[in-house]
Amino acid sequence: MSEITAALLQRGAIVVADTDAATREGSGRPAERLVLDPDSGQFLGVDFGHRRVYIAVADASHTVFAEGSVRYPDGTAWSERIRLAMDRIDTLSQETGVHFGALQGIGIGVPGPYLADSPGMPAASWTHRLAPEGVESAFTERFGAPVVIDNNTRLAALAEALARPDVVEDLLYVRLSDGVGGGLVVSGRLVTGSRGFAGEIGHVTADPSGSLCRCGKRGCLETIACVPAIFQACRDAGSHVDDLDDLARAVQRGEPAVDAVLREVGAAIGRALGAAAMVLNPEEVVIGGDIAHVAPVIVDQAAATLRYELYSVPSDQPQVVRAAQLRDSDGAFGAVAAVFHQSPLLAGYPDLPPAERADPSRRRSVQ
């Protein structure tokens, strides 16, 4: 018992509430009353994007109580991204008074297709391989907690499905951010694919003669529909758009050039989603990312194009196309949910070792 309590005290999971030193009679050490520390962070979700990292911290009741982000240039070395993430975590600790000595798990989302390590599996052909060397080890060494890594947009799809009152059985998700990614929920399961490429709709070719993509191909949907590409297209059309606030003002003013750009982007997204929806027949199609709320015409145009693409498919119910309920925090929330390991959507995930699991009776979904 002494060894157990000493270890918990060292990690910060429990603290000394008081002692009987003032009333104790006789010799011997004062008795200490130990309690769980309510300020001890239990679960950490980290979403590394191409140009920013978003962090969410959940307590023992699985309620997210702290979150924050920091931006960096595209192409920033992973060692620097990790350092910035650690610094932001330290800042959250200072701002909230929470410490991380009792973390039960860390979920990390990273961009690109997730390639789990498998013996004999050839290396990825992508320029930036997901989960680069050093990410998992850095967090494991810093916090001493089990780490789960997956594609950040797939984790965002998980968060979006869990945000609904009822879990969506068949969902097609695409997120427009610094890149474009997707996630699939099929028959109540979050799908990863045989090598982790499932849902990579951002690298479906939208324009064979288009711009060079970071993956090495030309004209991927990402080169048209990622947020930086949309900003550049608006500037090329003569509008001063450098960030989401500029875009919001241009939308509110009803600038024709910006509206034309956004409708073209929405049509490209709708065509890509139409092909996927024809194959998967999802219950819902969700478009995530803050830009979907700033410029809702993208969602409207994507929905109209999708209806056209699926016109020949007989159905007694309309295809539901909507903007995501969650915002830029979705990937980090999904990472936390993955660590909770309680959702039926995660039935295909490899189990954590029993000794590393949290008590299932204390698990609740992140809403």
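Isoleucine 269 touches Leu176, Leu221, Ala225, Ile287, Ile298 and Ala302, leaving aside residues up to four places away in sequence. The structure examined here is a predicted model. Ile269 also belongs to the largest nonpolar core, which has 40 residues. Within this core, the residues with the most contacts are Leu176, Leu247, Ile269, Leu273 and Ile287. Helix H8, spanning residues 256–280, gives the most to the core. Its share is nine residues. A second core is separate and holds 27 residues. Among them are Met86, Ile89, Val98 and Ile108.

An open sheet of five strands was found, with the order S10-S9-S8-S11-S12. Pairing in this sheet is mixed. Strand S10 (189–191) and strand S12 (320–323) form the edges, and each pairs on one side only. On average, neighbouring strands are turned by 20° against each other, with direction ignored. Strand S8 (residues 171–176) and strand S11 (residues 284–288) run parallel and are joined by five bridges. In this pair, leucine 171 of the chain stands opposite glutamate 284 in S11. In general, the strands of a sheet pair through backbone hydrogen bonds, in either a parallel or an antiparallel sense.

Strand S3 covers residues 43–48. Six of its six residues are buried, so the strand is largely enclosed by the rest of the structure. Both faces of S3 are covered. On one side, Phe43, Gly45 and Asp47 are buried. On the other, Leu44, Val46 and Phe48 are buried. S3 pairs with two strands described here, S4 and S6. Strand S4 (residues 52–58) runs antiparallel to S3, and six bridges join the two. Glycine 45 has alanine 56 in S4 as its bridge partner. Strand S6 (residues 105–110) pairs with S3 in the parallel sense, over five bridges. Here phenylalanine 43 stands opposite glycine 105 in S6.

Asparagine 152 contacts the end of this region. Asn152 lies in helix H4, which spans residues 152–163. The relative accessible area of asparagine 152 is 5%, so the residue counts as buried. Its side chain makes a polar contact with the side chain of aspartate 47, at 3.1 Å. Asp47 is one of the buried residues of S3.

The cysteines were examined next. The count of disulfides comes to zero. Cysteine 213 is in no disulfide. The nearest cysteine sulfur, that of cysteine 215, lies 3.8 Å away, whereas a disulfide requires sulfur atoms within 2.5 Å. Cysteine 213 has a relative accessibility of 6% and therefore counts as buried. Cysteine 226 is likewise in no disulfide. For this residue the nearest cysteine sulfur is that of cysteine 213, at 8.4 Å. Cysteine 226 is buried too, with a relative accessible area of 9%.

Technical notes. Residues are numbered from 1 along each chain as its sequence is written. This is a predicted model: local features need pLDDT of at least 70, side-chain atom pairs count only at pLDDT 80 or more; totals for chains, interfaces and linings use all residues. Side-chain values use heavy atoms; hydrogens and water are left out. A nonpolar core is a set of buried Ala, Val, Leu, Ile, Met, Phe, Trp, Tyr and Cys residues joined through side-chain atoms within 4.5 Å. Buried means under 20% relative accessible area, exposed over 50%, partly exposed in between (1.4 Å probe, protein chains only). Helices (H or I, at least four residues) and strands (E, at least two) are DSSP runs, numbered from the N terminus. Contact means heavy atoms within 4.5 Å. Two strands pair if DSSP finds at least two bridges between them. Axes are lines fitted to C-alpha atoms, for helices over the stretch in contact, and angles run from 0 to 180 degrees between N-to-C directions. A polar contact is a pair of N or O atoms within 3.5 Å; within protein, one must be able to donate a hydrogen and the other to accept it, and residues adjacent in sequence count only if both atoms are side-chain atoms.
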